[in-house]
Amino acid sequence: MTERNGHMNAQATHPLSKLNCSNIFMDSKFSFLPRVINGGIAGIVGVTCVFPIDLIKTRLQNQQPGPGGQLYYKSLPDCALKTFRNEGFFGMYKGSGVNLLLITPEKAIKLVGNDFFRHILRTDSGKLTLPREVVSGGGAGMCQIIITTPMELLKIQLQDAGRSSQIDLGATNLNNSSTVSAKPVPRLSATRIALNLLRERGILGLYQGCGATALRDVTFSAIYFPLFAHLNALGKKREGSEQTVFYHSFISGCIAGCTASLSVNPIDVVKTRLQTLHKGAGEQHYNGIIDCFRTVMAQEGPRAFLKGALCRILVIAPLFGIAQTVYYLGVAEFLLGMKQP
């Protein structure tokens, strides 16, 4: 009897003993539905605000130097100006449809996943050690790749089509620079790309670059969530609530997002290049993560791994600032008529 009681006590104190789904969903400290809705709203609002910068980031990361080392896009403003001039206002939003469609489950999985893991990994005293915070964030990042990988793959094809269709690194002018042809930008759709991949490669075709995506997202989340939690805990609390005031949550999300995004930018460059299916004429192709790292380092130097870093910061910082603000303001709780935390 003593052994049995001891075994039951050990189970009760083990974090995984909290994995009873019915207890979690009924737990007032872990309201599942509002978290899903808040994550979705945050993702849609954030993506709508920053998507053009994300498109520029993709093109800057994907471009390779011509025979003389010249680049078609010289900087963030130059890329934005050329894209707007060649493709118009709506050209800046290519790929936004698939992003808006899938950002709700993606953000919901990320934010809810982090809360879920933090919930089950807390000690009996309610505390969460830093290693467990890192595991919680990394676990959330791992869960989201089931949505993130196909979403990013389809989005990148649409974002980069206007660049790759024009580039021909084999053609040079008198200055020995890569030239840009006058070909019309191909009209693509996420549905057509997805169906072609399914027809030619099966479901795994939609998961090209999955390893690089996992490496990026797990690392990002392992940095972002613990950093945000600690920064947010330093803020002023809302009157009559345990939650931090919204502006501090926004700033905390921006700082944590900026730090995490800069940290994983080299991985993001590799991921973007591995997931680009149709490259410009004469551009390099890669055989996996290690080959891509080695080739980029050898041909373009270490600075290439910082391509699009400023764009990524300008995307991720406000994106997660908005996400955490919506999340902590309790927009879904208000819409559902529930008591806000």
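User: What makes a nonpolar surface patch here?

Analyst: Patches are built from residues with over 30% relative accessible area and no salt bridge, and nonpolar side chains (Val, Leu, Ile, Met, Phe, Trp, Tyr) are joined within 5 Å. A salt bridge means a side-chain nitrogen of Lys or Arg within 4 Å of a carboxyl oxygen of Asp or Glu. Phe246, Tyr247, Phe250, Ile251, Ile255 and Leu329 make one of about 540 Å²; areas are Shrake-Rupley with a 1.4 Å probe. This is a predicted model, where local features need pLDDT of at least 70, side-chain atom pairs count only at pLDDT 80 or more, and totals for chains, interfaces and linings use all residues. Residues are numbered from 1 along each chain as its sequence is written, and side-chain values use heavy atoms, with hydrogens and water left out.

User: Which helix gives the largest share of the nonpolar patch?

Analyst: Helix H9 (residues 246–263), with five residues. Helices are DSSP runs of H or I, at least four residues, numbered from the N terminus.

User: Why is Leu329 called partly exposed?

Analyst: Its relative accessibility is 33%. Buried is under 20%, exposed is over 50%, and partly exposed lies in between (1.4 Å probe, protein chains only), so Leu329 counts as partly exposed. Leu329 sits in helix H12 (residues 309–329).

User: And Leu319, buried or exposed?

Analyst: Leu319, also in helix H12, has 7%, so it's buried. Leu319 touches Gly43, Gly46, Val47, Val50 and Lys107, leaving aside residues up to four places away in sequence; contact means heavy atoms within 4.5 Å.

User: How do you know that Ser96 is buried?

Analyst: Ser96 has a relative accessible area of 14%, so it counts as buried.

Note on methods
Patches are made of residues with over 30% relative accessible area and no salt bridge: like charges are joined within 9 Å, nonpolar side chains (Val, Leu, Ile, Met, Phe, Trp, Tyr) within 5 Å. Helices (H or I, at least four residues) and strands (E, at least two) are DSSP runs, numbered from the N terminus.
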